[in-house]
Amino acid sequence: MAPELFRLDPRTTLLLVALLNVVMFSAGFTAGAGTARLIFMAIPPVLAVGLRRWKAALVYLALVGPAFAFESWSLDTWWLGGANIVAAGLASLAARLAPGIFMAYIAVISIRVSELMAGLEAIHLPRLAVIPAAVILRFLPTVREESRSVQIAMNARGLSLARVGPLAWLEYRLIPLIMSTLRCGEELSQAALTRGLGRPVKANRIARIGMRPADVLTLGAMAAGIGVWIVG
Amino acid sequence: MSLNGVSFSYAAAERDSLTRLDLSLRPGEFVVLAGPSGSGKTTLTRLVNGLIPHYYAGSLSGQVLVNGIDPSACPLWRLPVGSVFQNPRAQFFTTDTASEIAFGAENLGLDRAEILRRVDEAVAALGLAELRDRSVFALSGGEKQRVACASVAAVKPAIFALDEPSANLDLKSTGQLREIMAGWKASGATVVVAEHRLGFLRDLADRVLVFADGQLQAEYSGAAFRSLGDGQLHRLGLRSAWGKTMAATSPPDGVDCFEVEGLVCQQRRSQAPGLSAPARGQRIEIGDLRIPKGKVTALVGANGCGKSTFAAWLGGLRRDREGRFSDGQREWSTAQRRRRVFVVLQDVNHQLFTEAVAEEIALALRLASPTSQPLLSVDQIMESLDISSVADRHPMSLSTGQKQRLAIGAALASGRELIVLDEPSAGLDLNHMFGVANALRMLARSGQTVVVATHDTELVAACADNIISLDRPR
Amino acid sequence: MAKLGKGLTVKLGITTKNLIDVGVFTVLYIVVVGVFGQLGALIPILQVLGPFYIPALAGVVFMLFLTRVDRFGMVSLFGVLVGLLVLATGQSYWVPVLAVFLAPLADFIFKLGGYKSWPHTVLGYLVFSQMLIGMVVPLFFARESFLAKISGRHDAAWVQTLVDLTPNWMFAVMIAELALGAVVGAYVGRALLRKHFERAGIG
């Protein structure tokens, strides 16, 4: 279990996911925009450390740090001539894409389905949004698990890309994955419906949500980032 | 609860799953539904919990009343029925156990204090204290099933409907499930349970209903049922209700064996979404083993003793560095095992890839290495496994027992020397279990060596030449 | 908001079971798009072909989803959720913006065909798939601020190099690719449905 100190309200995490991507894609090349990007790109690894994903945080820093540094530095020094545009462009793309992907990963591993439901219901989102959102979060790990099982089964049978060719390989890889995921979906559906999901009353959820110190800090950092971007 | 002249057929089905059934249950009664696969017992549990007609469409006639309510006339959530299903993996809506146990009670719209009180009560009654704040992804199958039971119990339904709840559990977990169900019975709830494994329900049953082809074939009081011997049960198409003990046997000296030496596997538990600290790996010491060639060897032991891990290692699907495997003369590397050992993994649904039974066998023949010349044709293989009648069907439309036999057919076609199967009889009725046992014997007759990891004592009795136990005196 | 939600649910007749189906299929769709989209990031040639093969591969998931759809709203919801997930995985916000318009439009087309008619299905999927163009919008239109910064200091030739790398006609090519890919995906999806899912009793 994650230390309580680092736990965020699911809504804080979702807001962070959204704002981070807006900043990464809309911030231009001014000094203020650069600082804003720096602030936002520094938040996910802190969260990862809080979740004890040291390795993931290190890999992220090792990729994004140099990419961002190279982007800002090369645009100012212009040392490579023509190739510079391509290199800086690629570095910029990496430095803008990776934080979003990493943050999405953090969101999936850190938000509990129960907290997501509680959080979204608390801000009066309709069932229409809450139930699919919960199912999506619940099913991402399921698909990964099923996918791994299918890959292992293919290895066991000797169904390699080289043996069967790309089209057949795709079919063997995808069809059992889709089938078993759908079967899990049906079972989930039955188990949920027979436990009263869909009853038209307001459910009280026991999952703990609400502002805690970590939320205040994170929201503060986000506000600072946005502020610098607008001012600078 | 009562049924009057109830018939039901699923939307795409040609014949009725249940035909003109009359039945009434007294409040507080514990009723076991027995019978072969496809006999209608699962359909009956779905009539009780309202999944028919709310989830499964079809034609329903006759009258069903559950606590005086007609399930088809009111929404699913109004029924006072709690359901536990076969597959522990897929029954969870949330990802942490505390919320999962609370889920049903939350949906009732109770206030927070009452929900927490009910969760505490269910946790205490079911002995789940140590499972209270865990990720459901880090639980074993038995633990998941107990949490599912707690979640249902927290709703406090008047009727519990269970559909083969023990199909994926080992003996110990089945014993724990029995205790839970005994508690429900003692609390005065009505319990309806469809099962193949009758042993753990023997002493709880007030009534046992035996189904065949959608009809009630026989009905026993609890006492009358307990007096039936294995022979009588088998004649009804039922699995034994009496446990057998399994003693490990060691192959006689001088027999040609595959040998495993000094194996230690590092168990990696799946990471836990929502609960972030990855569970720590667990060391499983398997040690030295001998597997006689051309024979069927059963690998037994409680869940968690490493049966599945060992099966995957034998098939070259894991890369644990400690441990060696040899055929008596030469050592087989991981890559060699992957080519020369055929593994049928626990969930057979992942392992069938093509669109027809015959094509699945043909694919296995095409993939067989040219050195191991296939002995049989597609037709011969299907014939010998009794799946010729479904040659053109899609593998995923088969019954679990037929799927298992098809997977065994693929193993036979592969011509590999060693065949490893993980729990091939999980959830099978008597006839399908014997079908699997015969198929395994046939593999051995064709010269292949068979290792079957199982906790099914009847399967072991029906097919094993040799038993290896992975349970260790601790 | 809560009242609106409830009213909407009642009016559209979308059940809890429908909502769970939407969630499950959204995950499947996003996994197919995500996994094969990432291939494009690794192999440059695939980046150019991505708009073709991604909707072609995802077609089977979408066609399967349509077998569970019999009322307006599910496809719209599915599209918006896909858009939000694309946004959440660090892609551009153009996908959800497009989804808000394209998914209900596709939904409407399916509805006109009674969620059965094949021509409507192909056309609807073609429209739906166009939201994926949002993924590459920044490549074509967000370079403005990049160009503004460098063109002040460097001569026109350098700037031209960059413009050449992402010519505007490529954008039109990608839209055409998406359309073609969607049509192929619909047919491939239907073929796989018949070959596997219908015979297996799913879908």
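I started with one contact: Asp96(B) makes a salt bridge with Arg112(A), with the closest N and O atoms 3.5 Å apart. (A salt bridge here is a side-chain nitrogen of Lys or Arg within 4 Å of a carboxyl oxygen of Asp or Glu.) Between chain B and chain A I get a count of five salt bridges.

Ground rules: this is a predicted model, where local features need pLDDT of at least 70, side-chain atom pairs count only at pLDDT 80 or more, and totals for chains, interfaces and linings use all residues. Residues are numbered from 1 along each chain as its sequence is written, chains are lettered from A in the order in which they are written, and side-chain values use heavy atoms, leaving out hydrogens and water.

Next I looked up the interface. On chain B, 66 residues are in contact with 61 residues of chain A (contact: heavy atoms within 4.5 Å). The two chains bury about 5,800 Å² between them, 57% of it on carbon and sulfur atoms. (That is the accessible area, 1.4 Å probe, that two parts lose on being put together, summed over both.) Trp77(B), Phe93(B) and Phe353(B) supply 15% of the area chain B buries against chain A, more than any other three residues.

Then I turned to a sheet in chain B. Five strands form an open, parallel sheet in the order β14-β15-β16-β12-β17. (Strands are DSSP runs of E, at least two residues, and helices are runs of H or I, at least four, numbered from the N terminus; two strands pair if DSSP finds at least two bridges between them.) Its edge strands are β14 (341-344) and β17 (466-469) of chain B.
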